[in-house]
Amino acid sequence: MSYPYQIKNAEEYKAAYKKSTEDPEGFWGEVASHFQWRKPWDKVLDWNFSEPKIEWFKGAKLNITENCIDRHLATMGDKPAIIWEPNNPEERTRVVTYNRLHKRVCQFAQVLTNLGVKKGDRVCIYMGMVPELAYAVLGCARVGAIHSVIFGGFSAQSIADRLYDANAEYIVTCDGAYRGNKDIPLKSVIDDALIGNRTVKKVIVYTRTRTPVSMLKGRDVWWEDEMEHAEQQVEKDGKVSFPATEMDAEDPLFILYTSGSTGKPKGVVHSCAGYMVYTAYTFVNVFQYQKEDIHFCTADIGWITGHSYILYGPLSAGATSVMFEGIPTWPDAGRFWDIIDKYKVNILYTAPTAIRSLMGFGLGHVHGHKLDSLKVLGTVGEPINQEAWHWYHENIGKGKCPIVDTWWQTETGGILISNMAGVTPDKPTYATLPLPGVDPILVDENGKIIEGNNVSGNLCIRHPWPSVIRTTYGDHERCRLNYFSAYPNLYFTGDGASRDENGNYRITGRVDDVLNVSGHRIGTAEVENAINMHAGVVESAVVGYPHDIKGQGVYAYVIYDHVHGDENLTRQDILQTVTRVIGPIAKPDKIQFVKGLPKTRSGKIMRRILRKIAEGDTGNLGDTTTLLDPGVVEEIRSGKL
Ligand code: WTA
């Protein structure tokens, strides 16, 4: 069974693409007609990129959870919506049908209401990958509260910054989370984040690991107690209901913080209608989802991939989505393959870093698995190298599964450039062609459009698609400056790309000061700020370098006024500081102590030189004559780690 808006072959792709550029409003109006609206739109699109002001399905009313849940109940209430695989394979799995999901989301929406949460309130969610995380996210959406999910790898300080930025009054968390052989004490991190906080009114704590936790009277409540009470409120005569809050198409749905090239992470805001239509449309088309398929996206819901392709996209398409609590290498490196055989997974969507890491464990962990249910493979988050692509294609896809290399960003909400499985051809290391509605161009440094093929440049998008970022929370000007001001009337992605003779795009990586470490975005400025907070550090500069598994590693050059104990201990101390300030995910892989940094006479650090040294490419460092003190380069080069 397919979907009315599902593209089935290359000709249909061409026709859809043509229509989407010639008549975007007609095109997206048609796609959107297959969703459930409380009130239809007055106008499909109103926009300008200069403010920016982008309104899709203007005037329409809806609630995304009615699309993701309620409308499926009559025909497929017993179909699994979420299949949950616990961290420990010995533990019982949980299958959440659409009926059950409806009940739990209604219950949690009632809990939020009981605690005083109203439309527009910000709710921060810091949980492990348990079904309750899905209930929390969707429960927020049901009452119109704006969720802000924070990945479990961020520190108390990072959470505190995000709570402050979003002025969040509510938190949903767990006592702890299981990840491989580790228990992560989430509630205790939240407690640290809340020291001195006067804004947060309630913290809802779900019991997962039964780790002892402090529960402050009046502020902290147990999930289980609240849910039990709410159950009696939402269930009458065996019928469950909790009326969804009517939302305007452009009301914010969620905030998700992400790193940029400057300052602190910014809260990317997505709105209800456009995000819903675009994530469902791309889910169905890129993966060529068929109604009985089992879809397994291995991302964490703390990142955009989890939001769009574990929850919202699949659920609004009425799909079955596998949610995995653990990690790919525990109890052993065959875990993904076990899960695929166990649930007969048809679509696997993962990150190149996971593929490279599993490659490193050898084929022994793949052997003994059938993997014959797989039809489609996908990758996301970073460029995939040839070797990993072929390993994935041959050993996991057995040479018969197309690989969709999906390029997109937190800010784009959904996939923008990708082949469609079995519909348009894949090409190793290429994201290939833009999806319908997406108008990519390459520009040079001066914003001049680079026409033709076999060219490369900075990747920009010319026309809005439905799930484009609407604003950065609390600071619209920052949104304009970051994405819409580098080149007038274009959305600038921050990525470099090339285009081959057939118009296929290959994403080559960031052209700004953003690193992509294991598919996670980290701003160099953010890491430098954290390092500079360490006592004794005078200055630091952070760059990326090629890393076999992570894609990019973090290389830090640090000027230190005196080393406390020995150098290695000082390195450990600095890592602790970074862990405290940002979280373990931002820890530098290498720290080189230096006496000076290569600076221009105006005081700007020449990162190009530092990058080259970190990459081990020290033959030709380019022009160093503009440096204040060319001598530091030699010192840095000779001390390279
Ligand atoms: C990179 C993740 C190459 C890119 C969805 C982008 C990719 C950043 C690909 C966004 C891909 C994502 N090929 N690079 N298929 N997908 N990227 O916001 O640099 O976590 O700008 O969103 O990841 O990362 P984010």
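1. Helices (H or I, at least four residues) and strands (E, at least two) are DSSP runs, numbered from the N terminus. Strand 19, for example, covers residues 320-324, and T320 sits in this strand.

2. Some ground rules follow. This is a predicted model, in which local features need pLDDT of at least 70 and side-chain atom pairs count only at pLDDT 80 or more, while totals for chains, interfaces and linings use all residues. Residues are numbered from 1 along each chain as its sequence is written, and side-chain values use heavy atoms, with hydrogens and water left out.

3. Confidence comes next. pLDDT is the predictor's confidence in each residue, from 0 to 100. The chain averages 96, and 100% of the residues score at least 70. Among the elements of the chain, helix 5 (residues 131-143) has the highest mean pLDDT, 99. Helix 18 (residues 631-638) has the lowest, 89. Where pLDDT is low, predicted coordinates should not be read in detail.

4. Back to T320. This residue counts as buried because its relative accessibility is 3%. Buried means under 20% relative accessible area, exposed over 50%, and partly exposed in between (1.4 Å probe, protein chains only). Leaving aside neighbours within four places in sequence, T320 is in contact with K79, P80, A81, I83, Y289, D293, I294 and H295. Contact means heavy atoms within 4.5 Å.

5. T65 is another threonine to inspect; it belongs to helix 3 (residues 64-76). Its relative accessibility is 0%, so T65 counts as buried. Its side chain makes a polar contact with the side chain of R142, at 2.9 Å. A polar contact is a pair of N or O atoms within 3.5 Å; within protein, one must be able to donate a hydrogen and the other to accept it, and residues adjacent in sequence count only if both atoms are side-chain atoms. Not counting residues up to four places away in sequence, T65 touches D70, L138, A141, R142 and A244.

6. Now the helix pairs. Helix 4 (residues 98-114) and helix 8 (residues 223-234) pack at about 105°, with axes 8 Å apart. Axes are lines fitted to C-alpha atoms, for helices over the stretch in contact, and angles run from 0 to 180 degrees between N-to-C directions. Helix 4 and helix 8 are therefore roughly perpendicular. Angles of 65 to 115 degrees count as such; under 35 is roughly parallel, over 145 roughly antiparallel, and the rest oblique.

7. Helix 1 (residues 10-22) and helix 2 (residues 24-32) pack at about 120°, with axes 5 Å apart. This pair is therefore oblique. A16, K19, S20, T21 and E22 of helix 1 meet P24, G26 and F27 of helix 2.

8. The backbone deserves a check. Most residues other than glycine have a negative phi, and most peptide bonds are trans. The bond from E51 to P52 is cis, with omega near -5°. P52 lies in the loop between strand 1 (43-48) and strand 2 (53-58). The bond from W330 to P331 is also cis, with omega near -5°. P331 lies in the loop between strand 19 and helix 11 (335-343).

9. Which phi does F57 have, although it is not a glycine? F57 has a positive phi of about 55°. This residue lies in strand 2 and, at 0% relative accessibility, counts as buried. N454 has a positive phi of about 55° too. N454 is in the loop between strand 23 (440-443) and strand 24 (455-461). N454 is exposed, with a relative accessible area of 57%.
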